[in-house]
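This report describes how two chains meet and how their copies are related. Please look at the sequence and the structure first.

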Protein chains: 2
Amino acid sequence: MKINENFSRLEKNYLFIEIAKRVKAYETAHPDVSLIRMGIGDVTRPIVPAVIEAMKKGVDEMGDPKTFKGYEDSGTGYDFLKQAVASYYQSFGVTVALDEIRINDGAKSDTGNIVDVFGKGTVALITDPAYPVYVDTNIMAGNTVIYADSTEENGFAAMPDPNVRADVIYLCSPNNPTGSVYTKEQLKIWVDYAKENDAVIIFDAAYEAFISDPTLPRSIFEIEGARTCAVEMCSLSKTAGFTGMRCGYTVIPNELTAKTESGDTVRLSEIWNRRQGSKFNGVSYPVQCAAAAVFTEEGLKQIRENIAYYQNNAKIIGDTLDALGIFYTGGKHSPYIWMKCPRGMDSWTFFDFLLDQAHVVGTPGAGFGKNGTHFFRLTAFNTPENTKRAMENLKNALK
Amino acid sequence: MKINENFSRLEKNYLFIEIAKRVKAYETAHPDVSLIRMGIGDVTRPIVPAVIEAMKKGVDEMGDPKTFKGYEDSGTGYDFLKQAVASYYQSFGVTVALDEIRINDGAKSDTGNIVDVFGKGTVALITDPAYPVYVDTNIMAGNTVIYADSTEENGFAAMPDPNVRADVIYLCSPNNPTGSVYTKEQLKIWVDYAKENDAVIIFDAAYEAFISDPTLPRSIFEIEGARTCAVEMCSLSKTAGFTGMRCGYTVIPNELTAKTESGDTVRLSEIWNRRQGSKFNGVSYPVQCAAAAVFTEEGLKQIRENIAYYQNNAKIIGDTLDALGIFYTGGKHSPYIWMKCPRGMDSWTFFDFLLDQAHVVGTPGAGFGKNGTHFFRLTAFNTPENTKRAMENLKNALK
């Protein structure tokens, strides 16, 4: 068979492998040290009771001939869950129709698979640093990847260069890895740029639930004009601890169209539905029951307690960095803190320093792009006790 | 943005839409008639108790901080489930290593997404008739699709033409839609052909659990040489009624390699892992618990009762067609019966005839390829009572 040659253009995905290797070596050499893990972006709190109960009810229905569910008709999710997602959107002022919502097994799948609908010669504009999936999936598809720089100067919130042309634009806000959040004014500039370029914005809103300032946009559809130029991917992974449950949703507005080479106007939603119709068969029914329970009054109350727990950890980290006078972004509306490595260290040097001197495992910024070379990602996904201990250790290490 | 132009090359996917339209029109005109649905290939029996219990236990673990599971490390499935799958394979004499098994959300995803690893200019050889996903996903990827004819003459078990070259070959046995099963000798010819062509066989074994003759192969890996030229996709959808639960597995042997343009040898499993690492994040933990329970002694006993229930329905259909002297394939080791339309009718004419005269909804063979023009698919996924009534109605209609 012929192999897709684009795979050889991918950078070796060694970030978390290299981290695991260095951690293992350290643990072997220092068996008595208890390390504090603030690296990988995975939640630590269990699924809330309202969700557990709803899922068990869904499982029971699958065992009863009267309520058993086979294939979903559409494969895009049950209406009861789409209705719950639409109501959630409405709670921050965004109206989406049920047929614009697609339930999936987590944001990564759609965020990666969306490249299937892009045409040959697509130019993808991606912020640097960024979640590696955006870059890697475009390279696999043979697309051209160009970058918009997120830097200390712009608060790690890259803005478009009007002289640069792109077909597709990937934005993530609150950002992984930098935790920075675009304002409505900033997103409006991106939307205008996309329309100027006939480009589509792939908006990753996986961390929107961490936004506590109501003036900051939680959805790109809060921005005028976005419905004709943007797709939004969201997930319950960080919102409700679904990293092991697997459920998310994608919103494709019905107004969003593109032109074929022959000049026909096609709805992006129709092309995507056709793609999914051949490559996806919907989300497990009990998982959809669990997801719908997240958006009930009780579910929202319970998940907000978990989010507040993580936000408190983020504040502990932020306060420490403020006290140390270290520049950082994130932490306020995001579970991620993106800090400048102290003493001019590069991110891998600081990784080793932090591991050895503070017994903390974090993620070197270099793993997210060249602008991360001197930056470092810490996560709020730990206990307050461990987070405090980590910050005490960091302070002592830098004395 | 630029749209993937290959989507315009797809045939309109109107089969089930057209069926729904005609059924609705009939029901409106005949409100008193109770139709018997034997069209769509979806199971009707609920999930067995052993699986329900295991899944609820898995859900409870997600609600407990001591047993909560976040992201899976590999995203390819938990070892406990891979072990269960490996033991199941061993039960019919096939040895697969745990790192050759990938747990997924159903066979359709991997069967469709596998095109991502194929190179430019790939020629895909697909039997006609076939499950439309094989054809459509290759067209979306811009590949060339050629066909191997399954006909009445070869018992709807297409064999390779040594003069035809292909890079990838799609085989499904027991076949959807024809129910025909390849013998070991026939599969050996395909394996030899694939090796001769340096081609890879994508083997869809989604219906293997319906095979009751131990001399018929349930896995392509029962065939000598297949480990260097085949990938196998399997699913719990029909095996254990998981159409709404969503779990399947793909086996990629470690020996399976391909050459890049520059002559390097790469393992297909590594390319696929790289693809999945960017576009998939594993299967819901409770669903994996449910899947593992299928392969326990109790689970297997319970699912076999359901399979026997469907097999009995298939026998009712087969016996009727035998009595009527109508040619068909399938039904013995498959939930599908592929019958020749009587009186020279084409498949859509017979659809209307069956609907009107026997009150039965089936699937016109034309929806699966040109060789289905005069054939028709019936499924065993109904109650014995309905199946008997449908066959009585058919007999009366043909009197």
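## A shared surface

In this predicted model, 100% of the interface residues of chain B are also interface residues in chain A, so the copies meet through the same surface. The contact is made by 71 residues from chain B and 71 residues from chain A, where two residues are in contact if their C-beta atoms, placed from the backbone, lie within 7 Å.

On the side of chain B that touches chain A, the elements giving two or more residues are α2 (49-62), α4 (107-113), α5 (132-140), α7 (268-279) and α8 (285-294) of chain B, and α2(B) gives the most, with seven residues. Helices are DSSP runs of H or I with at least four residues, strands are runs of E with at least two, and both are numbered from the N terminus.

The residues on this side of chain B comprise 31 nonpolar, 21 polar and 19 charged; Ala, Val, Leu, Ile, Met, Phe, Trp, Tyr, Cys and Pro count as nonpolar, Asp, Glu, Lys and Arg as charged, and the others, Gly among them, as polar.

## Relation of the copies

## Confidence and conventions

For the complex, the predictor gives an ipTM of 0.97 and a pTM of 0.97.

Residues are numbered from 1 along each chain as its sequence is written, while chains are lettered from A and ligands numbered from 1 in the order in which they are written. Because the model is predicted, local features need pLDDT of at least 70 and side-chain atom pairs count only at pLDDT 80 or more, whereas totals for chains, interfaces and linings use all residues.
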